[in-house]
Amino acid sequence: MSNPKRTVSKEEWEKKLKQVKINKSDINKLIMNYFVVEGYKDAAEMFQKESNTPTLINLESITDRVNVRNSVQSGEIEKSIEQVNDLNPEILDNNSKLYFRLQQQQLIEMIRAGKLDEALQFATEELAPRGEENKEFLDEIEKTMSLLAFADMSDSPVSQLLESSQRQKTASELNAAILESQCQETAPKLPTLLKMLMWAQKRLDEKLIYPRINDLQTAELVVPNQEKK
Amino acid sequence: MNFDIPFLKEANEQAEREVKKYPSNYLYNSFRNHKIIKVSEKRNESNQNAPNFTIMNESNIEHNASIQAKYTLSDFTGVGYFEVKISSMRNSGVVSIGLAHDSYHTSKQPGWLKSSYGWHSDCGRIYSNSGKGTPYGPTFTVGDVVGCGYIWRTGDLFFTKNGDHMGIAYKKVPRTNVFPVVGMDHSSALVRFAPPFIFPIEELERQELALNIQDVEKISVKNDVMLSLVSEYLAHNGYYNTFVSISKMSGQDIPSGLKCRGCAVECLRRGDIQGAKDAIQQDLGSDFFSKHKPLEFALNCQEFIEIIVKGGGVDEAVDFARTKMNVVTEEVTQSTWFNTYTLDQFLGLLAYTDPYNCPLSFLLTSEHRLEVAEQVNIYLLEHHKSVSYAANDTKRRRITEEECSPVSLHSKLEYLLKQLVQTHSYQQRSLMKIEAEFPSSLDDDEVDDDDSDNDYY
């Protein structure tokens, strides 16, 4: 005699959705928070002018973080390490995982530039000892080195290491570490809200059959068990 | 979960307002009717809305009666829990406490059948789909307070005795199988579904909240997805310069017409109507307004308002109205703009010496101005879309579905946030056991769908 889960039709759901009012200025604050935490200084300044959204911190303090991020994003890892140490040597001292991630990125950049001798030397001298301390590091070193096995590295199963998204990931981690050392919030609110959306939908799935958003990028409502057109 | 975000708070409050239309005991758990076990409500000193219950099996023949609660412990995303204090028992009798699926047999102790779990007082063993059980903890008897808890995140099921945690009895118990059950033969007990409990549950709840938040953080939202959503928001709302400043990172192309639309909308937001008109004509042609009369009319109405806002006299306003707002061709009167705001409303402002304190004062607010900016934004978006659609048509390119559909009123980011609010709101409503959805259809006659109210087992 269990109660079957109730279903909410797409029409009903969309009708209610129309009534949900979210203040544009609240969203603008979230966007500003995203720019500031991620270190997009130009965007923050522009957005402040265009949308009249206030920033809560002095945008100049972002410059240091921006310089570090830019170094990483243009592949100049050694430079970024110098910059971080200038800011605060404790950041990398206290975070061996982050330091390893930077070294791994250095290796990737050498491989990308075709400097294979340099890469091998770097891997042997700098990375191998780290790999001995920590199995996770060893796995990552092996993954990275496996790129060399392919004449065309884009054929490699780990080819995403060469993509700019990998640099972005490294840059974000470094950015978060700097923010933490400055006692600022390390994560922007917007991605957390989207994560909450995914989590909240999963939770509601237990009680209700309703139109869900499965893909954040398209933001399309899909009713489960229905064929998507 | 408590997130300090304005629109989530609003969703919470709205759900709470809706629930006030229902009797307050809909919020908390209670027992289903039972042929043999008698239930009576008692006051909960600490929480007026959550009754406590006395349950009593006075029958001398019917052993192994078990009574089940209406609602499941899996409603609680942290820790679901209830407690039973045994008031009286017959010699060599059994009382048991546990959880089961939602239509458990009324004359079997919890744990004997499938999809049920129980701790029995006589032997201290725990049972799950078994007649024999396994050793677990001490026995319990009259005067003891035993509890049963369920951790939503992991599915761990545990028992407590007189405030002490007895250990995890079962792991990964499915969320469909956790309706409270109390088994009793000739005995009576006091049951609580809401605090205060003898067992200190707050610490466990705090832990679970932190762990749940960790689980949320672990969900992956890729950086490039985030950037593309932010870009799309900026483009949709006309923030041209900001869009350009992150376009290298987001990899998004600058949509055609964004610069002009951004400029026009920005002027509108500031109340510079002429600036907006200039921007539009510069990009789309000086004859644009002659082909888009409703838009021109809308802009003129706002210009009229701006005259009043800037303190221009009645004469100036009337002159303006006579020259610019007297175009009432059919095209204009058929437009949605004309039907949302009637001409009378705008002109009515002239009737008041203090327009800021009249019923039409909403027209003078910045909210109204922003709304107008929004609508013009959408209008221009649609225009650009239809223009590029027509251009592709002549190139005989395959027309995509996206091109056929109307421009969405909101950016994807906004839809995602709305979905978050709505999902949260429906979750709150389900906790408050509201079955009807629309406020207009909430009658007093509409009772919880749970039919078992009327069935006597």
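A residue is called buried here when its relative accessible area is under 20%, exposed when that value is over 50%, and partly exposed in between (1.4 Å probe, protein chains only). By this scale B:E296, with a relative accessible area of 25%, is partly exposed. The structure is a predicted model, in which local features need pLDDT of at least 70 and side-chain atom pairs count only at pLDDT 80 or more, while totals for chains, interfaces and linings use all residues; side-chain values use heavy atoms, with hydrogens and water left out. Residues are numbered from 1 along each chain as its sequence is written, and chains are lettered from A and ligands numbered from 1 in the order in which they are written.

We may begin with chain B as a whole. Its secondary structure comes to 15 helices and 13 strands, where helices (H or I, at least four residues) and strands (E, at least two) are DSSP runs numbered from the N terminus. Of the 457 residues in chain B, 49% are buried. The accessible surface of chain B comes to about 22,000 Å², and carbon and sulfur atoms account for 50% of it; such areas come from the Shrake-Rupley method with a 1.4 Å probe, and for residues only the protein chains shown count as cover. Contact means heavy atoms within 4.5 Å. Among the contacts in chain B with a separation of 6 or more, 63% join residues 24 or more positions apart.

Chain B contains an open sheet of six strands, in the order β3-β12-β5-β6-β7-β8, with antiparallel pairing. At its edges stand β3 (65-68) and β8 (134-135) of chain B, each with a single partner strand, so one side of each has no neighbour in the sheet. Two strands count as paired if DSSP finds at least two bridges between them. For β3(B) and β12 (residues 179-184) of chain B, the antiparallel pairing runs over four bridges. Within this region, B:I67 has B:V182 in β12(B) as its bridge partner.

Next comes the meeting of the two chains. The size of an interface is often given as the accessible area lost when the parts come together. Between chain B and chain A, the buried area (the accessible area, 1.4 Å probe, that two parts lose on being put together, summed over both) is about 6,000 Å², with carbon and sulfur atoms giving 66%. Three residues, B:Q419, B:Q422 and B:Y426, supply 10% of the area that chain B buries against chain A, more than any other three residues. In terms of contacts, 61 residues of chain B touch 58 residues of chain A.

Polar contacts join 19 residue pairs between chain B and chain A (both at pLDDT 80 or more). A polar contact is a pair of N or O atoms within 3.5 Å; within protein, one must be able to donate a hydrogen and the other to accept it, and residues adjacent in sequence count only if both atoms are side-chain atoms. On the side of chain B that touches chain A, at least two residues each come from α1 (6-19), α2 (201-218), α3 (223-236), α4 (240-250) and α15 (412-431) of chain B. The largest share, 17 residues, is supplied by α15(B).

A salt bridge is a side-chain nitrogen of Lys or Arg within 4 Å of a carboxyl oxygen of Asp or Glu. Five are counted between chain B and chain A, including the one that joins A:K195 to B:E217, with the closest N and O atoms 3.7 Å apart. A network of salt bridges also links A:K24, B:E374 and B:E414.

Over all chains, the structure holds 28 salt bridges. In chain A, the side chains of A:E38 and A:R69 meet in one of them (3.6 Å, N to O). A:E38 lies in helix α2 (residues 24-38) of chain A and A:R69 in helix α4 (residues 62-73) of chain A, so this pair ties together parts that are 31 residues apart in sequence. A:E38 is buried, at 8% relative accessible area, and A:R69 is buried at 3%.

B:D287 and B:K291 meet through their side chains (3.4 Å, N to O); B:D287 is partly exposed at 36%, whereas B:K291 is exposed at 56%. B:K293 forms a salt bridge with B:E296, the closest N and O atoms being 3.7 Å apart. Both residues lie in helix α8 (residues 293-309) of chain B, three residues apart, about one turn of the helix. B:K293 is partly exposed, at 26%.
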